[in-house]
Amino acid sequence: MSTSIDSFVDYVMPDVNQCPVPSIEKAVRQTLIEFCQKTWILQEAFNWRITETDVSEEFEGAFALDFNGIYYSLQYEPVRVLFLAVDGTPIDLVDRRDIEEINGWEDDTSSTPTDWYVINSHVIHIYPKPTDEFDLYCRVAFKPKRDATIFWDELYNEWIDTIAAGAKFRLFQIPNKPWTNPELVMVNKALFDKGLSAGKIRVRALHLPPSNFKKGWI
């Protein structure tokens, strides 16, 4: 299930006198993007069977992560890959330069990969390159795209006050408008920041131990 942008707008509108709907929508989207990007609250897990046909010659054995199977794929984009495992064994995220400084890295192969690195938002490289088919498991954090019109229900049902505070913080500081309210700018910023902290705690408790939050996507 999903919640439309209209529901968020209706929640914010009574507090921003005469503010046009497109302006509220923009503030809501900016807030939702920031909230998801900083908390990693929106996550999905994926399982793929990787074969030779999945490997890209362009990237020396890398392959693209296919997120089209998720219902909101047209509305969301990846923020970070939080966890990766090959045939059930976790492998480590490393800096691309650490691999490419190894002599002959392009030709290194193994049936037990140990590392992976980022090429772009949808393409990763596993090192050493597996020589056989393998099962890839990964957990990915997402954020809404800037033209998204529907959002994960939990963002509204559990975090609407945080999202509303972030949107009002943005709108109240616009100068010389009927809804301008400098006195409430920092109040709503504090409320939004408090919600961010609560969201991060929720994600750590439900999905990943804190040690896994050291590194991520691009």
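Is Glu154 buried or exposed? Glu154 is buried, at a relative accessible area of 19%. Buried here means under 20% relative accessible area, exposed means over 50%, and partly exposed lies in between (1.4 Å probe, protein chains only).

## Basis of the model

This is a predicted model, in which local features need pLDDT of at least 70, side-chain atom pairs count only at pLDDT 80 or more, and totals for chains, interfaces and linings use all residues. Residues are numbered from 1 along each chain as its sequence is written, and side-chain values use heavy atoms, with hydrogens and water left out.

Helices (H or I, at least four residues) and strands (E, at least two) are DSSP runs, numbered from the N terminus.

Strand 12 covers residues 134-144. Of its 11 residues, 9 are buried. Two strands count as paired if DSSP finds at least two bridges between them.

Strand 2 (residues 43-50) pairs with strand 12 in the antiparallel sense, over 8 bridges. In strand 12, Val140 stands opposite Glu44.

## Helix 5

Helix 5 (residues 160-172) has 13 residues, and its end C-alpha atoms are 18 Å apart. The expected span is 1.5 Å times one less than the number of residues.

This helix is mostly covered: 12 of its 13 residues are buried. Among them are Ile160, Phe169, Arg170 and Phe172. The cover over the buried residues of helix 5 includes helix 1 (5-12), helix 2 (21-39), helix 4 (153-157) and helix 6. Contact means heavy atoms within 4.5 Å.

## Salt bridges

A salt bridge is a side-chain nitrogen of Lys or Arg within 4 Å of a carboxyl oxygen of Asp or Glu. By this rule the count is 11. Side chains of opposite charge can pair when their charged atoms come close.

Glu34 bridges to Arg170, with the closest N and O atoms 2.6 Å apart. Glu34 lies in helix 2 and Arg170 in helix 5, so this pair ties together parts 136 residues apart in sequence. Glu34 is buried at 19% relative accessibility. Arg170 is buried too, with a relative accessible area of 19%. Glu34, Lys38 and Arg170 are linked in a network of salt bridges.

Arg49 and Glu133 meet at 3.6 Å, N to O. Arg49 is in strand 2 and Glu133 in the loop between strand 11 (129-130) and strand 12, so the pair ties together parts 84 residues apart in sequence. Arg49 is partly exposed at 45%, and Glu133 is partly exposed at 46%. Glu154 pairs with Arg202, the closest N and O atoms being 3.3 Å apart. Arg202 lies in helix 6 and Glu154 in helix 4, so they tie together parts 48 residues apart in sequence. Arg202 is partly exposed at 28% relative accessibility.

## A nonpolar patch

Leu184, Val187 and Leu191 make a nonpolar surface patch of about 230 Å². Patch residues have over 30% relative accessible area and no salt bridge; like charges are joined within 9 Å, and nonpolar side chains (Val, Leu, Ile, Met, Phe, Trp, Tyr) within 5 Å. Areas come from the Shrake-Rupley method with a 1.4 Å probe; for residues, only the protein chains shown count as cover.

Val187 sits in helix 6 (residues 182-206). Val187 is partly exposed, with a relative accessible area of 42%. An α-helix has 3.6 residues a turn, so residues three or four places apart point the same way.
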